[in-house]
Amino acid sequence: MVRHIWFRGRLLTAAATILILGLVGFAIFHLTSEVRYDDVLSALTRTSWASIALTVGFTALSFLALTFYDVGALIYLKRKLPYADVALTATAAYAVGNTAGFGPLSGGAIRYRAYSRLGLKPEEIGGVIAFVTLAFGLGLASVASLSLLMIAPEVAPLVGVSSSALRAISVLILTALVALMVAGRDNRALQLGRFSLRFPDSRTASRQFLITVLDIAASASVLYVLLPDGVIGWPAFLAIYAVAVGLGVLSHVPAGLGVFETVIIAALGKTADVDTILGALVLYRLIYHVLPLLLAVIFVIGAELRSLYHKPVASSLRRVGGRLTPLLLATLALILAAMLVFSSVTPTPDENLAFLADYVPLPIIEGTHFLASLLGLVLVIIARGLARRLDSAWWTALVVAVVALLFSLLKAVALVEASFLAFFIVSLLVTHRLFDRPANLTSERLTIPWLTAMLALCAFAVIALLFVYRDVEYSNALWWQFELSDEAPRGLRAVLGLTIFSGAVALWSLLRPARGTLSVSSSEDMEKAIAIVRAQAVSDANLVRMGDKSLMFSADGRAFIMYGRQARSWIALFDPVGPRDAWPDLIWQFIEEARSCGCRPVFYQVSPAGLSYYADAGLRAFRLGELATADLTNFELKGGKWATLRQTVSRGQRDGLQFSVIEPEGIPAIMKELVSVSDAWLAHHRAKEKGFSLGAFNPDYIVAQPVAVLRLEGRIVAFANILITGACEEGTIDLMRFRPEAPKGSMDFLFVSLMEYLRDKGFKRFNLGMAPLAGLSERRSSPVWDKVGRTVFEHGERFYNFKGLKAFKSKFHPQWEPRYMAAGGGINPVLALMDATFLIGGGVKGIVKK
């Protein structure tokens, strides 16, 4: 049911986006009814170089202000990072977010990849994303409302609303914002229904407001400088600009394309020539959206070139740049895709056509014009692979870019277009080493958002075609006209090809059958996996001995992933087992295999050590709880903090409890007693055996490693199987079972005795297992996931003893380390957790390791 609602919601969102695009296209077509394409080109050529230089300066000022959103967020979260790293990350995030749209998602992906490499925890990165999104939204509303309040009489005639109505709306918005700030002053929580919201202190709020004012003022000035003199005063334009930006963000259309332009044209079309406004908007998009992206790519490419010539830049900048490059190039690929598509529906300059007529046959011009538009859609598909660092995407992008460059010269001598493609080719060549994921580009379905973006591009192509050739009367004969001067038929055929190709890709992606099934682990695979387990230090890896999980080995056979499938989730248990340098390729191999089968990849109970690898693969980390690890090197029951445990051990000794460890060869002799204890424990707790992240009582599993037992008067009353590896660094237990009549405190006695035993054997630490939902962030800007989990932890005792389990582990004064689930965004983590719970077989208790 949840999956159905989620999928239906995604479809409705996509349909709403296409509908908005249709309405925007109709509005623009109506507002520009008296405008001609040649007039727009003429307006573009009249723009002075001084104005362009000034807009570049304002763009730099705006992006400088944008970097301080991230700086403010880190100050708010009490984290400090080098400004150079923060500035590069923020600039790249806004360059991608402004171009691709969906800032919290596209820009959030940039921040997640970069900040995870700089040591921020997932919940802290989520806090940064939430802070900058909220700060910009509230700041934008404040600036727009204050501007309208002051210059309502100037704006009213432009938008057809009375000045008193505009001022009333502004007062309502400002009153609501002030009320929210007052209610949340002094960091008090503001309850909004089921949600709790904490506003920053007055100093932080004031600082962010000033930053927002500087940002919006500078970005508005970029467009204002490009407009004709005397069209509108700057304060009035600031209000219109802020409203246009806000509506563009709310529309969910990528980059607000079309929505922003519609508002500006509607507001200013009565006081200035619409062709001049359109020309200014085109230059604004190029300077404020495309130029920062190109500069960000140039910066990271420069860092790559310096490293090739053994002139390393700062190590942190290199780490950040290496993680941002694929996303930046993917966004650049989307821009090139749009450029190729739009160039296919716009006329070629007459002088270029005259030049081509002397050297290139008409069939080649027609063919390259048609195929270049299809290459644009191919680049959209490739962009997704570039973002995921696929080697096949790199090779395909390189070939497509080279062919597109050749076609751009053959179809129109488009030197600007060719220059952009040449820059893209050079960028790919310099960064080749970053695209090292061996995966098939066609192995994944395109998701609904990507299909929506592709269809939106086709929709814009249709709108552009209708605008450019609005004076050409349609007739069926246009489809068959092949003349050098006949531009409209070429554009018409290109749009038809785009529509057919995009529809075919969408159907193929949505309807193709899933392939592949989970492989059954052979005895040879099990022996190979157990040999890898023995050679490393993580004791939990011994759960592979249960034989209930599938195995996936790295190409060199040095590491493996154990995983299971539930519904549409492939769930890997823990990080990959084996050397760290084998993890990245193996993680990506698992993700690709899961997606090729139409399933979501999930990594369950992973450590902070692997978070950057999961982030690189496009997954997000969601905190599950904390793992408790006790230091055995100085473990002694001395001092006041151990008084309770000392008393428990003393009571156990007085009760006659005797501890011993049975080696594997001696376990068969006591197997019947162990079965009896296990059955009594299951009956007493009315429980069933679980699996996946928990062991079950299987004789073959029990005899694989030592077992710790407690005897009372010669009879076994409790036992636990011990999980250790050949590294002799970490020990843990899996099954803990005891008879109902065992003395009180038997488990504490067993734990202490076992920890002393492992200490004497030279082990360094004892893994006490995970406390679910423990340690979730209580920060004011915590993600919703953490807030919900924290609420369950605090008030869910009737369902499971969350606090009691944390308290039991705390007796041993362990070190706590977070454990995460890595999955895709949206509703994926909720579905993944449900699937993991069902796979383990214990409801909410399924997230418990011990």
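How many bridges join strand E10 (residues 715-724) to E11, and in which sense do the two run?

Mentor: Six bridges join E10 to E11, and the two strands run antiparallel. The model is predicted, with residues numbered from 1 along each chain as its sequence is written, so local features require pLDDT of at least 70, side-chain atom pairs count only at pLDDT 80 or more, and totals for chains, interfaces and linings use all residues. Side-chain values use heavy atoms, with hydrogens and water left out.

Strands (E, at least two residues) and helices (H or I, at least four) are DSSP runs numbered from the N terminus, and two strands pair if DSSP finds at least two bridges between them. Strand E11 (residues 730-738) has eight of its nine residues buried, so the rest of the structure largely encloses it; buried means under 20% relative accessible area, exposed over 50%, and partly exposed in between, with a 1.4 Å probe and protein chains only.

With E12, strand E11 pairs in the parallel sense over three bridges, and Glu 730 stands opposite Arg 765 of E12. Strand E12 (residues 765-772) also pairs with strand E7 (residues 620-631), here in the antiparallel sense over seven bridges.

Axes are lines fitted to C-alpha atoms, for helices over the stretch in contact, and angles run from 0 to 180 degrees between N-to-C directions.

The axes of H14 (residues 362-387) and H15 (residues 391-412) come within 9 Å and cross at roughly 155°. That makes H14 roughly antiparallel to H15, the term for angles over 145 degrees, with under 35 counted as roughly parallel, 65 to 115 as roughly perpendicular and the rest as oblique. Their contact (heavy atoms within 4.5 Å) involves, among others, Leu 375 and Leu 379 of H14 and Val 400 and Phe 407 of H15. By class, this contact has 17 nonpolar, four polar and one charged residues; Ala, Val, Leu, Ile, Met, Phe, Trp, Tyr, Cys and Pro count as nonpolar, Asp, Glu, Lys and Arg as charged, and the others, Gly among them, as polar.

The axes of H15 and H16 (residues 415-430) also come within 9 Å, crossing at roughly 160°, and these helices are therefore roughly antiparallel to each other. Residues of H15 including Leu 398 and Leu 405 meet residues of H16 including Leu 421 and Phe 424. The contact of H15 with H16 has 16 nonpolar, one polar and two charged residues.
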